[in-house]
Amino acid sequence: MEAKPLRAADEDALARPIELARRFLDNVETVVHGKRDRIELVLAALMCGGHVLLEDVPGTAKTILARAIAGSIDGVEASRIQCTPDLQPTDVTGLSIFDQRKRDFEFRPGPIFANVVLVDEINRAMPKTQSALLEAMAEGQVTVDGATRPVPQPFLLLATENPIEFEGTFPLPEAQLDRFFLRTTLGYPGLEEELRIVEEQRTGHPIDLLEPVLDLTDVHELRVAAQSVYVDDLLRRWIVSHVRSTRELEAAEIGSSVRGSLALESAARAWALLRGRTYVVPADVELLFTPVVMHRIVFRPSFLAEVRRSGWAAAAARLQEDCLALAPPPGR
């Protein structure tokens with residue numbers, strides 16, 4: 001059963017945000033080719049005030065995606081943190097330095113104080129450095145030397161992990177994984193897209209020519225608009241039941257937290273807006289379930305063995321079918 005659309009007046013009110021979202025997507029896609037659905041996921045996180053974990057091999061445009069998002073918004077500051085085992089928490093948050101002239105301590109902000117922050121190979125940082133990101137991700141602020149300072153808004157943290165190399169890494173604990181709004185992968189481009197990339201980068205990179213198409217006010221408008229997208233009460237009840245079903249799975253040691261329900265409902269609203277709709281349909285929820293909820297589940301060794309045998313995509317699809325059997329969508 002589809003959620004009913006909003007009234008005409010509400011549709012008119014969301015017409016401009018839908019156009020802004022389309023313009024934003026089109027601009028980012030001029031430098032990240034053939035990954036529109038993945039770009040939509042990341043922009044949905046931005047619109048919901050969430051953060052993204054990208055698990056992918058090197059060379060799949062993760063850094064370019066972060067730069068393209070930042071470059072599409074006028075007045076936005078971007079930064080990059082390359083994680084290594086010797087990276088200290090203060091290298092991320094900043095620290096207070098004594099100023100001889102003023103004879104007082106002066107705070108020097110770290111790279112976390114930016115609107116779009118790319119944390120490259122987050123699992124190579126020590127746990128104490130990983131935890132330094134937790135407050136910024138969860139609370140939108142950083143506490144250094146007893147003083148709390150807000151990070152700029154909007155604030156989007158994109159963290160990357162290499163899923164095939166584990167030597168010298170420190171896996172993210174479950175509590176920190178739960179702070180990520182969604183987890184996804186970009187993957188390699190198709191043949192035609194890769195040919196286009198090779199052609200475009202013969203004499204430079206198109207990211208250098210990217211122009212902003214939105215400003216900070218527009219981003220705020222997108223965030224407000226995403227909250228206004230209609231979700232039917234019946235559909236909202238199913239979203240919660242769908243997430244709760246993960247706590248009954250045989251494959252799960254611990255099911256998704258309540259943050260999973262909150263994130264899935266918010267993501268469905270933003271996704272509908274990005275798709276040019278003023279209302280959420282069950283297909284939105286089913287599509288978003290894996291990137292939004294799966295990383296919030298602690299799996300039993302039997303499921304992890306199945307992942308190694310059949311691959312993550314196939315194992316996740318079967319797990320979602322089990323969840324749908326426990327909590328079928330409206331009308332099924």
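What joins the side chains of Glu265 and Arg269? A polar contact of 2.7 Å does; such a contact is a pair of N or O atoms within 3.5 Å, where within protein one must be able to donate a hydrogen and the other to accept it, and residues adjacent in sequence count only if both atoms are side-chain atoms.

The model is predicted, so local features need pLDDT of at least 70 and side-chain atom pairs count only at pLDDT 80 or more, while totals for chains, interfaces and linings use all residues. Residues are numbered from 1 along each chain as its sequence is written, and side-chain values use heavy atoms, leaving out hydrogens and water.

Glu265 sits in helix H11, residues 258-274. Helices (H or I, at least four residues) and strands (E, at least two) are DSSP runs numbered from the N terminus. With 14% relative accessibility, Glu265 is buried, because buried means under 20% relative accessible area, exposed over 50% and partly exposed in between, with a 1.4 Å probe and protein chains only. Beyond residues up to four places away in sequence, Glu265 touches Val231, Arg236 and Ile239, contact meaning heavy atoms within 4.5 Å. The C-alpha atoms of Glu265 and Ile239 are 6.7 Å apart, across 26 residues of chain.

Val231 belongs to the loop between H9 and H10. Its relative accessible area is 4%, so Val231 is buried. From C-alpha to C-alpha, Val231 and Glu265 are 8.3 Å apart.

Tyr230 lies in the loop between helix H9 (216-228) and helix H10 (233-244). Tyr230 is partly exposed, at 21% relative accessible area.
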